[in-house]
Amino acid sequence: CSLSMGDEILGQEVGSDPAFLRVEAVRNFIGQYNSNENTSFEVMLWSTDVFSKTRTIDGSGGFTKDPDELNRVLDGVYNDTMTDYLGTLDSIYADIDRDIRNTENKDNLPRTKYIVVFLSDGIPNDQGKVQSDNDILNSVEDVVEMTEVAGVGGFNMHTFLLLGGFPAGNVGDEFRAQAKHTLQSMANIGEGRFTEFENAQAVNFLNLVDI
């Protein structure tokens, strides 16, 4: 939800997704799979940090099937500030780790699969500083290792780059290549797939993420 996703300049809506079509893609994805009693979701809205996420019954961030809770987060989306990959990956780690530790019947863990769908429209940056690929990829490796140590049945991280917000010319091409390299490397480590969306109208997770 960084500002490059959508902003108003001189009365015109600009950005890669000012109409929040990506949110509709999330709703469609949840609608497709939430009827499965064994599937639940956590939604994180992030920019400089994770500013909103779904909560479990005890109020901590985590997974739910409750449509009211899912819609509470999706209805509160807005675009603001930067694109903090590292902070978001820390939140992903913490909430998956908590979910694993709170699993009452540990025999279920080998049958449990975690899937991360990570969407960005730009390079990783926080407070104007570009974040290191090494730090980001180490964070992804930490999540993978944590799930392996816990004996989880599966983990995949799928990454997506929404185009349309990069400036024209050489600078934009450089930023696009940098973002693509980062997200593609994250997916490789997370044993997932990387996908580019040319515009917000193309955003769709149904045919790209297999639950």
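Helices (H or I, at least four residues) and strands (E, at least two) are DSSP runs, numbered from the N terminus. The model is predicted: local features need pLDDT of at least 70, side-chain atom pairs count only at pLDDT 80 or more, and totals for chains, interfaces and linings use all residues. Residues are numbered from 1 along each chain as its sequence is written, and side-chain values use heavy atoms, with hydrogens and water left out.

**View 1. Thr159 sits in strand S8 (residues 154-162).** Thr159 has 0% relative accessibility, so Thr159 counts as buried (under 20% relative accessible area; exposed is over 50%, partly exposed in between; 1.4 Å probe, protein chains only). A polar atom of the Thr159 side chain lies 2.7 Å from the backbone oxygen of Leu183. Contact means heavy atoms within 4.5 Å. Leaving aside neighbours within four places in sequence, the contacts of Thr159 include Phe118, Leu183, Met186 and Phe194.

**View 2. Thr54 lies in the loop between strand S4 (50-53) and helix H2 (67-75).** Thr54 counts as buried because its relative accessibility is 0%. The side chain of Thr54 reaches the backbone oxygen of Gly62 at 2.9 Å. Thr54 and Phe41 are 13 residues apart in sequence; in space they are 8.2 Å apart, C-alpha to C-alpha. Phe41 is among the residues that Thr54 touches, not counting those up to four places away in sequence.

**View 3. Helix H1 (residues 21-33) packs with H2.** The angle is about 170 degrees, and the axes are 11 Å apart. Axes are lines fitted to C-alpha atoms, for helices over the stretch in contact; angles run from 0 to 180 degrees between N-to-C directions. H1 and H2 are therefore roughly antiparallel (over 145 degrees). H1 brings Val23, Val26, Arg27 and Ile30 to the contact, and H2 brings Leu70, Asn71, Leu74 and Asp75.

**View 4. Phe29 and Phe205 form an aromatic pair.** Rings of Phe, Tyr and Trp (its six-membered ring) pair if their centres lie within 6.5 Å; planes under 30 degrees apart count as stacked, over 60 as edge-to-face and the rest as tilted. This pair is edge-to-face, at 6.5 Å centre to centre and 80 degrees between the planes. Phe29 lies in helix H1 and Phe205 in the segment after strand S9 (194-197), so the pair ties together parts 176 residues apart in sequence. Phe29 counts as buried because its relative accessibility is 10%. Phe205 has 3%, so Phe205 counts as buried.

How values were computed: A polar contact is a pair of N or O atoms within 3.5 Å; within protein, one must be able to donate a hydrogen and the other to accept it, and residues adjacent in sequence count only if both atoms are side-chain atoms. Angles under 35 degrees count as roughly parallel, over 145 as roughly antiparallel, 65 to 115 as roughly perpendicular and the rest as oblique.
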